[in-house]
Amino acid sequence: MNSIENFLSNFNIEPASLSVYRQAFTHGSSVANSKGKNYQTLEFLGDAILQFYVSAILFNSFKDKNQGQLTLIRSKLVCTDSLNQIADELKLKDFLVLSSNVVATEVLSSKKVGADIFESLVAAIFLDQGLPKVKEFLDKTLLPLVKQYKEGKIELKDSKTRLQEHMQSFSKKTVFYQTYQSENNLFKAEAIYEGNVYGSGVGKSKHEAEENAANDALNKLIMSKP
């Protein structure tokens, strides 16, 4: 068996076809000049499946939460950082197929790439095996994050709120975000405070890009502490 098959066997998945899994790990750069398929369309489907799965889990697990609270919890569980964390734990980037012209270290260190290939893998499992097998896979990989939230191990405040609170411990000025739409319908944002850029981020929406920029700023501030 090849490495993808070995990986899938850990989750009791016997692929009917490996082609959709290969697509899930194919970076756009490797098929840019051909008719080959990459993970971008699978990522779209995987994102929708994850939203459905997490929404159902939260609806049944947190009867005391209102719609706004459930939405906030869901956004934390399926954000780029959370999904990339799972991708790193599963070592999904080891299977990534890249063009020889791409700087591998930049792609492999990208949190967005990690989140994207996790979403793509979810879509591949759905297309090859169906929803029950997707649920089994997510119960093993994503459900532990829900349990961490229940145990108080996940910070519910979003990154923008935490960054603003941190900055206002020094002054009353407000962090603002410069956001614009870039290629591939993605958004890019910069977290700016007193004229200085503290962090940057990319996302599928303006909100996600700004959240990622705030999180980047927080990580840099933590690392800069003596």
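Modeller: Axes here are lines fitted to C-alpha atoms, for helices over the stretch in contact. Keep in mind that this is a predicted model.

Colleague: Fine. At what angle do the axes of helix 3 and helix 8 cross?

Modeller: Roughly 70°. The axes of helix 3 (residues 40–61) and helix 8 (residues 131–141) come within 11 Å.

Colleague: Parallel or perpendicular?

Modeller: Angles of 65 to 115 degrees count as roughly perpendicular, so helix 3 and helix 8 are roughly perpendicular to each other.

Colleague: Left-handed or right-handed crossing?

Modeller: Helix 3 passes helix 8 in a right-handed crossing.

Colleague: Which residues meet there?

Modeller: From helix 3, Ile49, Leu50, Phe52 and Tyr53. They meet Leu131, Val134, Lys135, Leu138 and Asp139 of helix 8.

Colleague: New topic. How many bridges join strand 2 to strand 3?

Modeller: Seven. Strand 2 (residues 187–193) and strand 3 (residues 196–203) run antiparallel. Glutamate 190 stands opposite serine 200 of strand 3.

Colleague: And the turn? Which residue takes a positive phi in that hairpin?

Modeller: Glutamate 194, near 50°. Two residues sit between the strands.

Colleague: What about glycine 201, buried or exposed?

Modeller: Glycine 201 lies in strand 3. Its relative accessible area is 10%. The cut-off for buried is under 20%, so glycine 201 is buried.

Colleague: What does glycine 201 touch?

Modeller: Leaving out residues up to four places away in sequence, Phe187, Lys188, Ala189, Ala209, Asn212 and Ala213. The C-alpha atoms of glycine 201 and asparagine 212 are separated by 4.6 Å, at 11 residues apart along the chain.

Colleague: Which residues does UniProt list for the DRBM domain?

Modeller: Residues 158–223, in an unreviewed entry. In the model that span is 41% helix and 32% strand, with its end C-alpha atoms 19 Å apart.

Definitions and conventions:
Residues numbered from 1 in each chain as written. Predicted model: local features only at pLDDT ≥ 70, side-chain atom pairs only at ≥ 80, totals over all residues. Heavy atoms only, no water. Pairing = 2+ DSSP bridges. Helix = DSSP H or I, 4+ residues; strand = E, 2+ residues; numbered from the N terminus. Buried < 20%, exposed > 50% of the residue type's maximum accessible area, 1.4 Å probe, protein only. Contact = heavy atoms within 4.5 Å. UniProt positions renumbered as here; feature names shortened; annotations may be inferred. Axes fitted to C-alpha atoms, helices over the stretch in contact; angles between N-to-C directions. Parallel < 35°, antiparallel > 145°, perpendicular 65-115°, else oblique. Left-handed = near helix turned anticlockwise from the far one by under 90°.
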